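These are my notes on the structure shown below. I looked up helix packing, ring pairs and charges over rings, in that order.

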Amino acid sequence: MKDLDRGCHLLVATPGRLVDMMERGKISLEMVRYLVLDEADRMLDMGFEPQIRRIVLEDRMPGIGERQTLMFSATFPKKVQELARKFLDNYIFLAVGRVGSTSENITQKVVWVEEHDKRSFLLDLLNAAGLRNGNASRDSLTLTFVETKKGADALEHFLLSEGYPVTSIHGDRSQREETEEALWNFRSGRTSVLVATAVAARGLDIPNVKHVINFDLPSDVEEYVHRIGRTGRVGTVGLATSFFNER
């Protein structure tokens, strides 16, 4: 709060927190000249559209002609297109690669695995990468996605019992510090396996993720694109393996 009181040239914020600060009179947007909306599709998926509209349209934010607005999005669904038309005037659309598709640097595999065999198959993949007992380095991290918070905890405990350096992140982490510690351990390679729910992992940019495993397959293609996009970043190559079955 002291930093805000002194003013700043660059402010990074989540929509909900920014609206809260605006309503408390701690922040004014009347001098904004550059507005950046990063991961616009993710923010819409998480229900932040009212807050985004409030920030851009209903306060003292300079109008379209008085500011430069940039929107970044891995996918370009109809909702993002509508926001672009509302927030930008005669905008330029720049596509890096194929919009809404996966990177060519990622090798994708879909494997039929019965539900009761998924843990065993996961162990085979981790063993093949040499991840047991902390033998791997920070240059070969594995990110494993599950659908539920309960599933994340259960899989973490199972892998720990099998001797793998693992941690997890999900929405029920009681303290922000716990999540930050888990991410630091993963980034540094102290725990080379991270189990995460999709919501908790949104926006993560962790170098050296070599393998993304969809232990639970996502329900839509856009979520799949976001998940496996955690690897194969900035010119590096990566592997994505998805478990698939009738369930």
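Which residues in α4 meet which residues in α5? I worked on a predicted model throughout. I found that E49, I52, R53, V56 and L57 in α4 meet K79, L83, K86 and F87 in α5. Sorted by class, this contact of α4 with α5 has 5 nonpolar residues, 4 charged ones and no polar ones.

Entry on the helix geometry. I noted that two packed helices are described by the distance between their axes and by the angle between them. For helix α4 (residues 49-57) and helix α5 (residues 78-87), I read that the axes come within 12 Å and cross at roughly 10 degrees. The cut-off for roughly parallel is an angle under 35 degrees, so I recorded α4 as roughly parallel to α5.

Entry on the chain as a whole. I counted 10 helices and 8 strands in the secondary structure of the protein chain. The chain has 247 residues, of which 40% count as buried. Among its contacts with a separation of 6 or more, I found that 73% come from residues 24 or more positions apart.

Entry on the aromatic pairs. I found 3 aromatic pairs in the structure. One of them joins W112 and F244 in an edge-to-face arrangement, with 5.4 Å centre to centre and 75 degrees between the planes. W112 belongs to strand β3 (residues 106-112) and F244 to strand β8 (residues 238-244), so this pair ties together parts that are 132 residues apart in sequence.

I marked both F215 and F243 as buried. I also noted that ring pairs link F121, F215 and F243 into a cluster.

Entry on charges over rings. Which ring does the charged end of K118 sit over? I found that it sits over the ring of F215, at 4.7 Å from the ring centre; F215 also belongs to the cluster with F121 and F243. For R119, I recorded a position over the face of F158, 4.7 Å from the centre of that ring.

Notes
Residues are numbered from 1 along each chain as its sequence is written. This is a predicted model: local features need pLDDT of at least 70, side-chain atom pairs count only at pLDDT 80 or more; totals for chains, interfaces and linings use all residues. Side-chain values use heavy atoms; hydrogens and water are left out. Rings of Phe, Tyr and Trp (its six-membered ring) pair if their centres lie within 6.5 Å; planes under 30 degrees apart count as stacked, over 60 as edge-to-face and the rest as tilted. Helices (H or I, at least four residues) and strands (E, at least two) are DSSP runs, numbered from the N terminus. Buried means under 20% relative accessible area, exposed over 50%, partly exposed in between (1.4 Å probe, protein chains only). A charge sits over a ring if NZ of Lys or CZ of Arg is within 6 Å of the ring centre and within 35 degrees of the ring normal. Axes are lines fitted to C-alpha atoms, for helices over the stretch in contact, and angles run from 0 to 180 degrees between N-to-C directions. Angles under 35 degrees count as roughly parallel, over 145 as roughly antiparallel, 65 to 115 as roughly perpendicular and the rest as oblique. Contact means heavy atoms within 4.5 Å. Ala, Val, Leu, Ile, Met, Phe, Trp, Tyr, Cys and Pro count as nonpolar, Asp, Glu, Lys and Arg as charged, and the others, Gly among them, as polar.
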